[in-house]
Every structure is written in C-alpha cells, then in structure tokens.
Amino acid sequence: MTLNRNPAVDSFLESLDHPLKPVIESLRLAVLEADDAITEQIKWKAPSFCFDSVDRVTFNLRPLHHVQLIFHRGAKTKADNFDFDAAKWNDLLEMIGQDRGQVIFPSAEAATARQAEFVVLVREWVRA
C-alpha cells in the first residue's frame, strides 16, 4: 500500500516536542495505511487527514498526557445523513456531537493494543 505521506507533516513531526511523539508517529502511519485515498496536511497545528479533500481525522496535540484524535466530517457540520454506526465503536470512539467523535489513547501501550481496531475504525469513518 502506498502511503500519501506529506513532506510538510514529516517536517512538522521532526520538530514536534511531545512526550508521546512515538505514539503520534505510529498512529499517523496507521491512519495513512487505513485507506490509499487518505491524504494528510497540517491543520490547526497538528496532522490532519483528508478523504475526498475533506478533513476527517485530526490530531489534537495540546494534551501532553494522552493522544487525542478528533473524528469529524470537515470544518463545518453537514446537514446530510451520516451513515455511521457509532454504537459499534462505543468502546473506542466517544461521540461528542452528531457527526464528531474522539479517540483518546492514554498511553503508548493502549495505542499499540488497539491499533488494528483503530485502523478499521478510520476506514469505516472516512467512507461513511
């Protein structure tokens, strides 16, 4: 699978000072591996992942004690039907709005243990 790595994100991560940086780097690659159509950019001072040119998953790097990823459908709420079964993922994804959720990994071990499941979640989310 070809990863759509963006050199700007590579550069950003090289200079990132975060205690969970290795987890962030690993999850970045996991998101890119979830679907060949996913691309990345820096948005809101963090890696953000797009599908069909719409931001769908974005890191929130402000918390230093865990890794948080926001799952969304772009910058603005959409009024269309969102065909995603959030209940299927309620032990990994916490919905924080009708079309927004978050995944929080409290540690490197938690991220590693759930990475395969996380990849499937990303794949389903971006295609919903």
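**View 1. Lys43 and the ring of Trp44.** The charged end of Lys43 lies over the Trp44 ring, 4.8 Å from the ring centre; a charge counts as over a ring if NZ of Lys or CZ of Arg is within 6 Å of the ring centre and within 35 degrees of the ring normal. The model is predicted: local features need pLDDT of at least 70 and side-chain atom pairs pLDDT 80 or more, whereas totals for chains, interfaces and linings use all residues. Residues are numbered from 1 along each chain as its sequence is written, and side-chain values use heavy atoms, without hydrogens and water.

**View 2. The aromatic pair Phe71 and Trp125.** Rings of Phe, Tyr and Trp (its six-membered ring) pair if their centres lie within 6.5 Å, with planes under 30 degrees apart stacked, over 60 edge-to-face and the rest tilted. Five aromatic pairs are counted by this rule. The centres of Phe71 and Trp125 are 5.5 Å apart and their planes stand at 85 degrees, so this pair is edge-to-face. Phe71 belongs to strand E4 (residues 67–71) and Trp125 to helix H3 (residues 108–127), 54 residues apart; helices (H or I, at least four residues) and strands (E, at least two) are DSSP runs, numbered from the N terminus. Both residues are buried, that is, under 20% relative accessible area with a 1.4 Å probe, protein chains only.

**View 3. The kink in helix H3.** Centred on Gln115, the kink is about 60 degrees, where the bend is the angle between axes fitted to the seven residues ending there and the seven starting there. Buried residues of H3 include Ala111, Phe118 and Leu121.

Notes
Buried < 20%, exposed > 50% of the residue type's maximum accessible area, 1.4 Å probe, protein only.
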